[in-house]
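Dear colleague,

I am handing over the structure below, together with a summary of what was found in it. Could you read the notes alongside the model?

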Amino acid sequence: MNAHASAPKATVSSLMLRLKEHTRQLHAEAESHPIQRAMAQGRLPLESYVSYLECLWPVHRALDAGLAALAETDDRAESILSPEQYQSAYLRDDLRHFGREKTDAPAVPAVVELLSDISAARVDRPIALLGFHYVTLGSTNGGRFIAKPLRRAFGLEKAGVSYFDPWGEDQPRIWGAFKHAMDAARFSADETDTILAAAESMFRGITRISESLRPVDAC
Ligand code: HEM
């Protein structure tokens, strides 16, 4: 008998590794979307860039409110979340920089769908919010590099790109602390599945937002 045939399959216990693995293909799709590529190459028109930020603004506002509420009731969330991770403040600052802070209802279906996912999660399975958050916080890994062509293209310094590059050289430390705390927290199998599914929804939602900007270019 082949000894390897009966060996138990290796299981991945790290939630962060599972998140990365589970969303690898979705990341590849998000990253290769024409809007993302244009951003990374400094070719996106300023109006489209600002529209993208406007689309994300209500999403992050809802997500941050949900995360703050979760941290008050769930010790694991409290240990994972830290003030600098809340990304709506960076978006608000960038939108202010462009004179475009908006508070009215979003028009783009992709945004409406994400908002509905987030509010359903808050009611039914709040732990899912950590899965949504993983995606947007994780996007700062590429964001800090994308910020460079954005700065160049639009003649910006910090203001206007703080959502993409909120922490400068501190990004690896802040992302590392999040990863460490996520892996240190204990989640049941059901909760883990919920977090993985939420990460998937957020990736799809952001890709749909990118998609909606192509013909419409406005939120
Ligand atoms: C041109 C667009 C993009 C580029 C160039 C890019 C690039 C990167 C890079 C270099 C990393 C670090 C990979 C590693 O350490 O193994 C990363 C991680 C990540 N990115 Fe992106 N990215 C882009 C778009 C996005 C978008 C749109 C999202 C969200 C919808 C996203 C979400 C993430 C996440 C969640 C991670 C963390 C993966 C993990 O370590 O678990 N990225 N990205």
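Helices (H or I, at least four residues) and strands (E, at least two) are DSSP runs, numbered from the N terminus. On that basis the protein has 11 helices and 0 strands, and its pattern along the sequence reads α-α-α-α-α-α-α-α-α-α-α. Please bear in mind that this is a predicted model, in which local features need pLDDT of at least 70 and side-chain atom pairs count only at pLDDT 80 or more, while totals for chains, interfaces and linings use all residues. Residues are numbered from 1 along each chain as its sequence is written, and side-chain values use heavy atoms, with hydrogens and water left out.

Of the 219 residues of the protein, 47% count as buried, where buried means under 20% relative accessible area, exposed over 50% and partly exposed in between, with a 1.4 Å probe and protein chains only. Contact means heavy atoms within 4.5 Å, and among contacts between residues at least 6 apart in sequence, 83% join residues at least 24 apart.

The ligand and its iron atom

The only protein donor of the ligand's iron atom is H27, through NE2 at 2.1 Å; donors are N, O and S atoms within 2.8 Å of the metal (3.2 Å for Na, K and Ca), and water is not among the atoms, so sites may look incomplete. H27 itself lies in helix α2, residues 24–31.

Helix packing

For the helix pairs, axes are lines fitted to C-alpha atoms, for helices over the stretch in contact, and angles run from 0 to 180 degrees between N-to-C directions. Helix α8 (residues 128–138) packs against helix α11 (residues 189–213) at an angle of about 45°, with the axes 7 Å apart. That angle makes α8 oblique to α11, because angles under 35 degrees count as roughly parallel, over 145 as roughly antiparallel, 65 to 115 as roughly perpendicular and the rest as oblique. The crossing of α8 and α11 is right-handed, a crossing being left-handed if the near helix is turned anticlockwise from the far one by less than a right angle, and right-handed if clockwise. Residues of α8 including F132, Y134 and V135 meet residues of α11 including M202, F203 and I206. The residues of this contact divide into 11 nonpolar, 4 polar and no charged, where Ala, Val, Leu, Ile, Met, Phe, Trp, Tyr, Cys and Pro count as nonpolar, Asp, Glu, Lys and Arg as charged, and the others, Gly among them, as polar.

Helix α1 (residues 15–22) also packs with α11, at an angle of about 40° and with the axes 10 Å apart, and this crossing is right-handed. In α1, L15, R18, L19 and H22 meet residues of α11, among them D193, L196 and E200. By class, the contact of α1 with α11 has 5 nonpolar, 2 polar and 3 charged residues.

The axes of helix α7 (residues 109–124) and α8 come within 8 Å and cross at roughly 145°. Here D117, I118, A121 and R122 in α7 meet A128, L129 and F132 in α8, giving 5 nonpolar, no polar and 2 charged residues.

Two residues to look at

R122, in helix α7, is partly exposed, with a relative accessible area of 40%. Not counting residues up to four places away in sequence, R122 touches A65, G66, A69 and L129. The C-alpha atoms of R122 and L63, 59 residues apart along the chain, are separated by 9.1 Å.

S210, in helix α11, counts as buried at 1% relative accessibility. With residues up to four places away in sequence again left out, S210 touches H33, I35, Q36 and Y52.
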